[in-house]
Amino acid sequence: MPTLLASALANAFVQAQPVQASISCAVPVTGQYLIVSQGLRGNQPMGSLQLETWLPNGSVSGTRFLRVGRSYRETKYEGRWESDSHCRLTVIRDQQGYGSKVLLTAQGLPRFGLSNRIGDVVREQWMAQPDLRCEPESMNGSFLSQQRGSSFAASSWKPNAVIQRESWTGWQMVGLAVSSYDGAGEVAGYQGQFTQHDNCIGRIRQQDDRGVTYAYAAILRSDGSGYAYLQTQGDDLTVALVEKSES
């Protein structure tokens with residue numbers, strides 16, 4: 001029996017070797033990235049947006065918008081990226097930025113990551129941000145999104161889900177949101193405006209047809225394909241990636 005087991009293990013190892021050897025990615029691509037993160041920090045919901053720049057010397061700099069429970073803050077940070085293997089790397093950031101384990105595409109582009117901060121269960125979605133100027137006309141068109149968030153009620157956080165369709169013209173928007181708050185449905189029209197602060201970074205302020213206002217930090221995708229936003233106030237915590245629909 002020990003001989004048979006050893007033989008089976010040896011065969012399994014030999015069969016696994018070609019699979020491991022076939023996993024290969026290009027060297028990490030430097031440039032700027034939009035990172036959309038969502039999950040839990042301890043027992044509280046957490047969401048963040050980051051616009052992060054990687055340089056060929058391994059240095060990192062970025063801006064982060066972070067919401068944990070009812071607390072919100074904005075920080076700038078620095079750090080380094082270091083390759084762990086052909087398709088995996090670690091981003092080490094200073095105290096305000098925390099760190100990530102990141103998987104690369106075959107072309108060397110960061111695609112998905114996980115926060116490695118103790119207490120976090122947070123996933124990250126990474127998107128390349130081309131070196132382009134964000135202009136009002138580049139965002140004109142229709143957008144769709146689906147998102148999951150949290151609402152604070154009766155001293156605890158409850159899950160919510162929202163789908164949206166909106167139309168942008170010159171950084172003005174009108175839209176329709178269909179929401180589920182802990183099972184209770186809601187439909188609301190809204191209108192709002194994006195205010196540019198630093199190229200693709202800015203703020204969105206919206207008001208729905210019941211007169212309720214909402215405030216978000218937002219990062220536009222420089223190629224005009226969509227944007228990400230993070231709710232900065234109120235009893236709802238939502239982080240979302242909104243995509244331009246095909247014409």
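Biologist: Are cysteine 134 and cysteine 200 buried or exposed?

Modeller: Both cysteine 134 and cysteine 200 are buried. Do keep in mind that this is a predicted model.

Biologist: What makes cysteine 134 and cysteine 200 a disulfide?

Modeller: The cut-off is a pair of cysteine sulfur atoms within 2.5 Å. In cysteine 134 and cysteine 200 the sulfur atoms are 1.9 Å apart, so the pair counts as a disulfide. A disulfide is a covalent bond between the sulfur atoms of two cysteines.

Biologist: Which parts of the chain does this pair tie together?

Modeller: Cysteine 134 sits in the loop between strand E8 (120-128) and strand E9 (141-153). Cysteine 200 sits in the loop between strand E12 (184-198) and strand E13 (201-208), so the link ties together parts that are 66 residues apart in sequence.

Biologist: How many disulfides are there in the whole structure?

Modeller: A search of the whole structure finds two. The other joins cysteine 25 to cysteine 87, with an S to S distance of 2.1 Å. That value is also within 2.5 Å, so this pair meets the definition too.

Biologist: Why is the disulfide of cysteine 25 and cysteine 87 called right-handed?

Modeller: The torsion about its S-S bond is about 100 degrees, so the disulfide is right-handed. The link of cysteine 134 and cysteine 200, with 90 degrees about the S-S bond, is right-handed as well.

Biologist: How do you know whether cysteine 25 is buried or exposed?

Modeller: Buried means under 20% relative accessible area. Cysteine 25 has 14%, so cysteine 25 is buried. Cysteine 87, at 12% relative accessibility, counts as buried by the same cut-off.

Biologist: What is the pairing when the bonded cysteines are numbered in sequence order?

Modeller: The pairing is 1-2, 3-4.

Biologist: Now for the nonpolar core. Which residues touch the most other members of the largest one?

Modeller: The largest nonpolar core has 17 residues, and Met139, Trp168, Phe194, Ile204, Leu220, Tyr227 and Tyr229 touch the most other members. Strand E14 (213-220), strand E15 (226-231) and strand E17 (239-244) each supply at least two residues of this core. E14 gives the most, with four residues.

Key
Residues numbered from 1 in each chain as written. Predicted model: local features only at pLDDT ≥ 70, side-chain atom pairs only at ≥ 80, totals over all residues. Heavy atoms only, no water. Core = buried A, V, L, I, M, F, W, Y, C linked by side-chain atoms within 4.5 Å. Buried < 20%, exposed > 50% of the residue type's maximum accessible area, 1.4 Å probe, protein only.
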